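Please read it alongside the sequence and the structure.

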Amino acid sequence: MGLTTAINIGRSGLLTSQIGIQTVGNNLANAATPGYSRQTTLLEPARDQNGGAFTVGRGVQVDGIRRQVDEAIQARLRASLGDEAAASERFNALSQLETVLGELTEFDLSSELNTFFNSWSDAANLQQSQSVIVGAGVTLAEYMRGLRADLDTLRGQIELQIDRSVTQADQLLSEVASINASIAGSELAGADANALRDRRDVILNELAAFLDISVVEDPRSGAADVFVGSVPVVIGAESRGLQITRESDGSETTARIELKKDGTPLPLASGSIGGLLEARDSGIDEVRGTIDTLASQLIFEVNRLHATGSNLEPHSLMVSERIIPTSDRSVALNSTSNGTFSSLPFSANNGGFFVEVTNASGQTTRTRIDVDLDNITSSGVAGPTDDTSPEDIVNALNAVAGVNASFDANGRVRVESDPGFTFAFSEDTSGALAVLGLGGFFSGRDGRDIAVNADIQADPSGVNLGGQTADGFTENATALGIVALGDEPVDSLGGVSFRDFWQNRVQSVAVASSSASTAAQAGTIVRESVEAQRASVSGVSTDEESINLITFQRQFQGAARVISAADELLQTLINIV
């Protein structure tokens, strides 16, 4: 021990105070830098020196420069960013969906449905002509096809947003892996990598806005492993990457998010990508499904009634709208092997219908055509082997006196009366006529292709307003039956009417949109609150740093005085010698 030790102690004070001033200066310089975490110079006394009966300190040394970060707050911030982004995307998508639906305006599907059913009501009261019904049907069909196409467009835009978001998230994962490698290389060599850690936190926050991630840091290397659910997407310096796989069910293509590494699907519940997927699946796709169901059941129920209707002059010729290939004609209507009918969104059931043939003198003969679709064979075994096929119906019709039935060259069912005879159908409890497309008002399968039958558009007099009742022929029987469809429960729609079925879906969209708006606002409040908590821990306070600057300045001045005093004493000692 001696004056040299005192000089070394002063020197340690100079060095540490310089580092402290540099740290403070760096904090002040980055006071407004987004994502910057305040750094603190950690000082500790140097190991004491043995001075015989006592020990003397050897000055001060820097233990490290540490970022002021609370990992629990960081994790909550990433979660809040993901929740806010998901809610925001859901709200944006549902708001666009509400705009496309345009309900509560005079140009919406509810209004078109009302106009269509009202046109049948007016015709039943002899206030409107058949041409008005055709016009209302054409307008309704065009509106449904247009609405369905608009939803397809909106869905396509969502898919593009998902594509872009996945590409950006994949790039961020690669950046995290690259920074992990740099941090590990730096800190394993004993150096701090605070700037790299700040940069990684910024990227992880950006990533959290896309995916609901969790982060686990390796205490040895400092690398951050990133997980989505329980699936690792970044392990150390390796990014396992994201990709989109398109899956098609034959009519629809859907994006699935998975790992590039091994194709593992990611369980996305939050973040903008999760919000977009939810808006697509539970918002847009459900409404599209509702429109398709509404259209297909409207086609079936209206056609089921229209097929059994007629006017004062019964039919002499009826040709089905549906084309039946030769291979399906002898296969039961309810068989999954019958490609023509198994793919339809509606089906026939066990029952039958009547054929009423009228001769030139006005005498009418009723013949019942049974439609066996009980899915039980003659031996009592389950299966459609013995059930009614299109060919069976044609043969049964052909056996009725005064009527000829066959398949034409295109595969359509053709029913024609003999000269001097006319015919009409009635009381179809099976729905087979509507499924075959005989005497239908509408053509098509669902919201994508619903249309008014081309023959009826060409000749509106083909609209059947009347039909057979218990009291004989009634001029408005069919019209009244179709009018009732607007408000009566329909089994295939879950026991609600067409109007209520659509209104229920519209209301659910409105409720979901309002809920998403509330969630988005709440998410913003939570995120801002957590950011404020982070700022209180990691943010730079210029007042506090100014105090620290003065402290290190005084430390520097004191250490310099120690060195100056020791030097003077040393010079005095040398001069004495």
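A residue is called buried under 20% relative accessible area, exposed over 50% and partly exposed in between, with a 1.4 Å probe and protein chains only. The model is predicted: local features need pLDDT of at least 70, side-chain atom pairs count only at pLDDT 80 or more, and totals for chains, interfaces and linings use all residues. Residues are numbered from 1 along each chain as its sequence is written, and side-chain values use heavy atoms, with hydrogens and water left out.

**The sheet**

- Helices (H or I, at least four residues) and strands (E, at least two) are DSSP runs numbered from the N terminus, and two strands pair if DSSP finds at least two bridges between them.
- Three strands form an open sheet in the order 12-16-15, with antiparallel pairing.
- Strand 12 and strand 15 are the edge strands, each pairing on one side only.
- From one strand to the next, the twist averages 10°, with axes being lines fitted to C-alpha atoms (for helices, over the stretch in contact) and angles running from 0 to 180 degrees between N-to-C directions.
- Strand 12 (residues 317–319) is joined to strand 16 by 3 bridges in the antiparallel sense; Val 319 has Arg 414 as its bridge partner, and Leu 317 stands opposite Glu 416.
- Strand 15 (residues 403–407) runs antiparallel to strand 16 and is joined to it by 5 bridges, with Val 403 partnered by Ser 417.
- The hairpin of strand 15 and strand 16 has 5 residues between the strands, and within this hairpin Gly 411 takes a positive phi near 95°.

- The side chains of Arg 414 and Glu 416 meet in a salt bridge, at 3.4 Å from N to O.

**Other salt bridges**

- A salt bridge is a side-chain nitrogen of Lys or Arg within 4 Å of a carboxyl oxygen of Asp or Glu, and 33 are found in the whole structure.
- Arg 366 and Glu 356 form one of them, with the closest N and O atoms 3.0 Å apart.
- This pair links distant parts of the chain, 10 residues apart: Arg 366 lies in strand 14 (residues 364–371) and Glu 356 in strand 13 (residues 351–358).
- Arg 366 is partly exposed at 42% relative accessibility, whereas Glu 356 is buried at 6%.
- Glu 258 and Arg 256 form another, with the closest N and O atoms 2.6 Å apart; Glu 258 is buried at 6% relative accessibility, while Arg 256 is partly exposed at 30%.

**The largest pocket**

- On a 1 Å grid over the protein atoms alone, a pocket is an open set of points where a 1.4 Å probe fits, with protein on both sides within 12 Å along at least five of seven lines; lining residues have an atom within 4 Å of a point.
- The largest pocket holds about 650 Å³ of space, the volume being that filled by probe spheres set on grid points joined across faces, edges and corners.
- Its lining comprises 24 residues, of which Leu 317, Met 318, Asp 455, Ile 456 and Gly 462 lie nearest the centre.
- Strand 12 and helix 11 (454–458) are the elements that give two or more residues to this lining.
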